[in-house]
Amino acid sequence: MTDTPPFPNTTTNPTPMDEAVQRRLAWLVWRLHVVASPDERWRGQIVDLAPGTTTLGRQDATWNIADPSLSRHHARLQVAEDGVWLVDAGSRNGTFVGGQRTQHAQLGDGAVLRLGGTVLVLEVDSGVAREYALPTANLPGRTEPARLARFEVAIAATQGLHVLLHGETGTGKEHAALEIHRLSGRLGPVVRFNVAAVPAELFEAELFGHAPGTLPGTATARLGRVREAQHGTLVLDEIGELAPPLQAKLLRMLEERTVRPLGSTTDVPVDVRFIATTNADLQRLVDKGKFRRDLLARLRVNSVHLPPLSARRGDLLALADVVCPLVENGRSLLWANVLTPDAVQALLLYDWPDNLRMVRGCLTRARALAQGERVGVEHLGPEVAAALSRVTQGTPGSAHEAKRPSASRLRAAVAKFRGNVDTVARDFGVHRRQVYRWLDYAGIDQSELRAARRESDDVPGGRLPSDG
């Protein structure tokens, strides 16, 4: 097992299972990523599920999680021959799969679970390339897709050939290029060149350089991006946007490893590693006659795919800590500590078409709207919030999530009604269990309620009936 929480009672204690079934399941590993939890010992951990039954709860379970929103025996996970099954064990606050409260469900790869304030993602792990489990600064994440991306990058870096990095926008292709350069050990610099951002008439001058006076207003020579990257790496961004006539000039350079600056009659040899990035389907562009088949053949000798965020939900908050670091009052915070469980669910259920670029913008705006309080669903924007509201509509407790009061307003109500949760619930028009969830979100514990009740004892005739 990898990434095991640093305390006892973390391995599963499976119920007896037929040995033949266990042998058939031996190749398939189901893992749970603990994305968020009030229990800091579990938060961020990854635990393998053994065949059989694993119980989860606050006490006397296979996995004991110090989450006040969990019941003592909250739910059971059964790894069987036909997959993984989840059964709610009569919990007080319910068990949610994909945002939907459920009593019994079969789970698939990427399932988002919530038990109390603990949010988990289930993953099928084939066990391939486990030696690349350790995240790097350029390629963080501990899901299997992240590990496989690190494996492909490492192989590409050692080949010494050109590399094609492809994936959706915002998947971190520029960081993967930096990792390839780092692992290659090349001594020169990394130079980036967005081929789509340069007018066609300036392309050769920008890429290959030019002799003095070749272009209007250019009294001095220019090396060009290729020679600037000598003994290093040149990253050609958005290669699919390059016009076909310019593709021929690029192909010649890749094949001959020489450049001829504009205005010069001499070819200059270069020692450069080329990495091309794209979010386009280059094969489709070839079929449409918009991309040269021979150039694609030259580039995709080493092809690395960067997975979208929707394929690696278990990494989301860890990636958010990297791409959108949270620093307040001079200290670093983890996003898992400032997001409510419902907000974590919504983030995990949204598909993120622009991937990490969109995550950065969403969380930056949400933290500003929260004004120092915990970030809730209402701060994430309508598109992300809809990912949760679509599945939670009509489920117990969900109708009041959008109007959850701020921590300051909730504290004022607790003080006003002298710690009586029943009266606070009636004032807000919700069930008392909903108030307890709000109190948990706001960090208001029983000691604050008791203090409010003690203060009411000092007010003659001011004591309200106990809420039991």
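Which crossing, left-handed or right-handed, does H4 make as H4 passes H6? The answer comes in View 1, after a word about the model. This is a predicted model, in which local features need pLDDT of at least 70 and side-chain atom pairs count only at pLDDT 80 or more, while totals for chains, interfaces and linings use all residues. Residues are numbered from 1 along each chain as its sequence is written, and side-chain values use heavy atoms, with hydrogens and water left out.

**View 1. Helices H4 and H6 pack against each other.** Helix H4 covers residues 200-208 and helix H6 covers residues 244-256; helices (H or I, at least four residues) and strands (E, at least two) are DSSP runs numbered from the N terminus. The two helices pack at an angle of about 15°, with their axes 11 Å apart. Axes here are lines fitted to C-alpha atoms, for helices over the stretch in contact, and angles run from 0 to 180 degrees between N-to-C directions. That angle makes H4 roughly parallel to H6 (under 35 degrees is roughly parallel, over 145 roughly antiparallel, 65 to 115 roughly perpendicular and the rest oblique). H4 passes H6 in a right-handed crossing, meaning that the near helix is turned clockwise from the far one by less than a right angle, with anticlockwise being left-handed. Look for Ala200, Phe203, Glu204, Leu207 and Phe208 in H4, which meet Leu246, Lys249, Leu250 and Met253 in H6. By class, this contact has 7 nonpolar, no polar and 2 charged residues (nonpolar: Ala, Val, Leu, Ile, Met, Phe, Trp, Tyr, Cys and Pro; charged: Asp, Glu, Lys and Arg; polar: the others, Gly among them).

**View 2. Helix H4 has several buried residues.** They are Phe203, Ala205, Glu206, Leu207 and Phe208, where buried means under 20% relative accessible area, exposed over 50% and partly exposed in between (1.4 Å probe, protein chains only). What do the buried residues of H4 pack against? Their partners are S13, helix H5 (225-228), S14, H6 and strand S15 (258-259).

**View 3. A parallel, open sheet is built from 5 strands.** Follow the order S13-S14-S17-S12-S18; two strands pair if DSSP finds at least two bridges between them. Strand S13 (190-194) and strand S18 (303-305) are at the edges with a single partner strand each, so one side of each has no neighbour in the sheet. From one strand to the next, the twist averages 20°. Inside the sheet, strand S14 (residues 233-237) and strand S17 (residues 273-278) run parallel and are joined by 4 bridges. Leu236 stands opposite Ala276 in S17. Helix H2 (residues 144-159) packs on this sheet and touches strand S12 (163-166), S17 and S18; the direction of H2 makes about 160° with that of S18.

**View 4. Asp237 has its place in strand S14.** Is Asp237 buried or exposed? With 7% relative accessibility, Asp237 counts as buried. Leaving aside neighbours within four places in sequence, Asp237 is in contact (heavy atoms within 4.5 Å) with Arg192, Phe193, Asn194, Val195, Ala196 and Thr277.

**View 5. An antiparallel, open sheet is made of 6 strands.** Their order is S2-S1-S11-S10-S7-S8. S2 and strand S8 (100-102) stand at the edges with a single partner strand each, so one side of each lacks a neighbour in the sheet. Ignoring direction, neighbouring strands are turned by 30° against each other on average. Strand S7 (residues 95-97) pairs with S8 in the antiparallel sense over 3 bridges, and Thr95 has Thr102 as its bridge partner in S8. H2 packs on this sheet too, touching S1 and strand S11 (118-125), and its direction makes about 50° with that of S11.

**View 6. Strands S1 and S2 run antiparallel.** Strand S1 (residues 29-36) is joined to S2 by 4 bridges, and the bridge partner of His33 in S2 is Ile46. In strand S2 (residues 46-49), Ile46 and Asp48 point one way, Val47 and Leu49 the other way, and all are buried.

**View 7. Helix H9 (residues 316-323) packs with helix H12 (residues 355-370).** The angle is about 75° and the axes are 10 Å apart; the two helices are therefore roughly perpendicular to each other. Leu319, Ala320 and Val323 of H9 make the contact with Leu356, Val359, Arg360 and Leu363 of H12. These residues divide into 6 nonpolar, no polar and 1 charged.
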